[in-house]
Amino acid sequence: MRNIPLLVALAVFLSSFWVETKEKKAELHPYKLEYPSSFGSRFVIPADNPTTEEGVALGRMLFYEPLLSSTNTVSCASCHEQTKAFSDGRPLSIGVSGKPTRRNSMSLANLLWVKNLFWDGRVSGLENQAIFPMTHPDEMGQSLEVSAKELAKTTRYPSLFRQVFGTSSITGEQITKALAQFERTLISADSPYDRSLKGNYTLTASERRGMELFMRGAAPERGVRGGNCAHCHGGAKLMQEVFHNNGLDSIAVADRGKQEISGDELDNGRFRVATLRNIALTAPYMHDGRFNTLEQVLDHYNEHFHFSPNLSHELRTSHNEPTKQRLGLTSSEKKDIIAFLHTLTDSIFITNPAFSNPFETKK
Amino acid sequence: MIHAFLKLLLSGILVSVIGIQGLFAQTLSVTGEVKTPLSLTSSDFQSLERIEVTAKDRDGKEHRYAGVPLTAILRKAGVTLGGELRGENLSKYIIAKAGDGYEVLFSLAEVDAEFSGRTILVADSVDGAPLPQGVGPFRLVIPDEKRPARWIRELKSIEIRFAK
């Protein structure tokens with residue numbers, strides 16, 4: 001009977017664990033992905049990796065975490081800077097080896113809607129995508145197993161992983177899952193163009209002319225001039241998941257693009273049609289960063305592209321002038337299109353504190 | 001010098017590979033809710049039921065398209081058409097995909113001539129000539145539609161799925 005107080009104390013002590021475990025489960029809050037209804041819900045979030053507030057917060061830390069690289073100096077954010085709409089401003093990127101990467105760092109916006117990632121679409125799903133840059137010897141150069149061990153040694157991460165994934169040890173798979181959760185939240189839908197659709201911004205005369213040229217295909221027989229850009233870059237998200245040969249080379253030899261994945265000759269020099277959201281911030285352009293300015297890009301489509309055998313059908317057949325083989329837009333029309341492209345810069349996206357370096361804000 | 005020569009040689013090989021074999025190497029796959037998955041080549045197309053239709057393309061001009069009716073291909077794959085197109089089979093749909101990744105959807109019922117009365121063609125020739133590169137070897141032609149946005153060029157695959 002003397003032991004009763006002890007037993008009660010023990011019971012209280014044990015029940016505190018029970019309460020704590022229950023609370024841990026309840027602590028995960030579903031993350032509400034917010035986007036315009038016009039963007040639609042044509043995306044799949046893996047059932048084993050639901051997006052949660054806690055998972056996204058962890059993913060954000062990992063995105064900025066140099067411990068995930070072999071030199072402890074490179075993070076995802078090294079080549080995906082928020083101020084540049086998560087690109088890096090270089091033709092090719094520099095990682096742990098100092099050797100340039102093969103292709104231009106892609107802007108990370110609205111990846112929620114992208115099924116097959118990279119310039120050649122080689123990987124399905126953001127969880128699988130993250131493995132490549134982390135382990136590539138010229139990018140972050142560290143195996144996921146080593147990264148998991150590095151994180152386990154810190155004071156910060158073990159409890160966060162336990163909270164999000166409910167396991168006592170950190171795994172590589174959990175790292176990719178958390179990163180994917182964060183990347184799904186990188187939604188850009190608040191540019192002046194988006195606001196103009198809601199009536200909250202009035203396009204200038206030049207921007208409006210540029211938008212009309214951007215959206216419209218040329219029909220000289222009806223006196224209609226157009227850049228036909230939207231055929232591949234259009235839709236509510238200004239992004240379609242298609243892969244085209246845009247005549248950068250007569251035959252793509254150094255980098256054969258999608259052909260390297262599919263083995264199909266018709267995929268020679270086919271690359272992802274990149275999103276144009278924040279395009280004014282993501283120079284240089286193309287998979288190899290060969291164009292420094294939007295003017296050079298417009299000149300390419302208007303005047304210079306090669307008639308490669310599998311050139312995009314739209315490029316082959318869009319003409320404003322019967323005498324010109326290519327688009328044949330005037331220089332002032334090109335300027336208008338560029339003015340419109342600048343309205344796709346989402347200053348809220350590139351300054352959103354939720355996407356910024358969490359370690360810097362803590363300072 | 002040697003490097004330049006090699007590059008020239010390589011691009012020469014590539015040009016000939018693309019030029020000569022490019023079109024012939026292409027196949028059309030039929031997968032999903034089928035009895036027999038198919039992978040059809042241009043020569044397979046010659047041995048199937050062939051028809052010709054006249055239809056207006058994006059250029060606004062009438063063209064003669066020849067090829068195989070979509071239903072003939074679906075029947076060869078054992079897709080539930082005709083009398084079998086009832087009950088839950090009416091919640092089946094087709095995803096047709098182009099070489100560049102472009103995808104469009106048809107309900108299975110709308111493509112079945114017995115059901116909807118319409119003929120959809122998988123064309124391999126236009127005005128008596130094989131479809132040009134970038135359009136062929138296979139293209140969907142839907143004569144009665146006012147906008148040719150589902151006339152997929154470089155048709156690569158047809159997948160039959162259940163709406164779940």
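This is a predicted model: local features need pLDDT of at least 70, side-chain atom pairs count only at pLDDT 80 or more; totals for chains, interfaces and linings use all residues.
View 1. The phi angle of A:F118 is near 80°, which is a positive value in a residue other than glycine. A:F118 sits in the loop of chain A that runs between strand 1 (116–117) and strand 2 (123–124).

**View 2. B:E154, a buried residue with positive phi.** Although B:E154 is not a glycine, its phi is positive, at about 50°. The residue belongs to the loop between strand 9 and strand 10 (155–162) of chain B. B:E154 counts as buried because it has 21 C-beta neighbours inside 10 Å, where 20 or more are required.

**View 3. The packing of helix 2 against helix 8 in chain A.** Helix 2 (residues 53–63) of chain A packs on helix 8 (residues 172–184) of chain A at an angle of about 100°, and the two axes are 7 Å apart. Helix 2 of chain A is therefore roughly perpendicular to helix 8 of chain A, since angles of 65 to 115 degrees are placed in that class. On the side of helix 2 of chain A, the contact is made by A:G55, A:V56, A:L58, A:G59, A:R60, A:L62 and A:F63, while helix 8 of chain A contributes A:I175, A:A178, A:L179, A:Q181 and A:F182. Sorted by class, the residues in this contact between helix 2 and helix 8 of chain A are 8 nonpolar, 3 polar and 1 charged.

**View 4. The two domains of chain A and the contact between them.** Chain A is divided into domain 1, which spans 20–188, and domain 2, which spans 192–345. The centres of domain 1 and domain 2 of chain A, taken over C-alpha atoms, are separated by 29 Å. Across the boundary, 26 residues of domain 1 of chain A are in contact with 24 residues of domain 2 of chain A. On the side of domain 1 of chain A that touches domain 2 of chain A, the residues comprise 10 nonpolar, 9 polar and 7 charged.

View 5. In chain A, the peptide bond from A:A283 to A:P284 is cis, with omega near -5°, and A:P284 lies in the loop between strand 4 (271–272) and helix 13 (294–304) of chain A. In chain B, the peptide bond from B:G136 to B:P137 is also cis, with omega near 5°, and B:P137 is placed in the loop between strand 8 (129–130) and strand 9 (139–141) of chain B.

**View 6. A hairpin of chain B and the chain to which it belongs.** Strand 3 (residues 51–56) and strand 4 (residues 62–69) of chain B pair in the antiparallel sense over 6 bridges, and B:K56 has B:E62 of strand 4 of chain B as its bridge partner. These two strands of chain B form a hairpin with 5 residues between them, and B:G60, in the turn, has a positive phi of about 80°. Chain B as a whole has a secondary structure of 5 helices and 10 strands, and buried residues make up 30% of its 164 residues. Among the contacts in chain B between residues at least 6 apart in sequence, 56% join residues that are at least 24 apart.

Definitions and conventions:
Residues are numbered from 1 along each chain as its sequence is written. Chains are lettered from A and ligands numbered from 1 in the order in which they are written. Domain bounds come from an automatic or database domain assignment. Two residues are in contact if their C-beta atoms, placed from the backbone, lie within 7 Å. Ala, Val, Leu, Ile, Met, Phe, Trp, Tyr, Cys and Pro count as nonpolar, Asp, Glu, Lys and Arg as charged, and the others, Gly among them, as polar. Helices (H or I, at least four residues) and strands (E, at least two) are DSSP runs, numbered from the N terminus. A residue is buried if 20 or more other C-beta atoms lie within 10 Å of its own, exposed if 12 or fewer, and partly exposed in between; C-beta atoms are placed from the backbone. Axes are lines fitted to C-alpha atoms, for helices over the stretch in contact, and angles run from 0 to 180 degrees between N-to-C directions. Angles under 35 degrees count as roughly parallel, over 145 as roughly antiparallel, 65 to 115 as roughly perpendicular and the rest as oblique. Two strands pair if DSSP finds at least two bridges between them.
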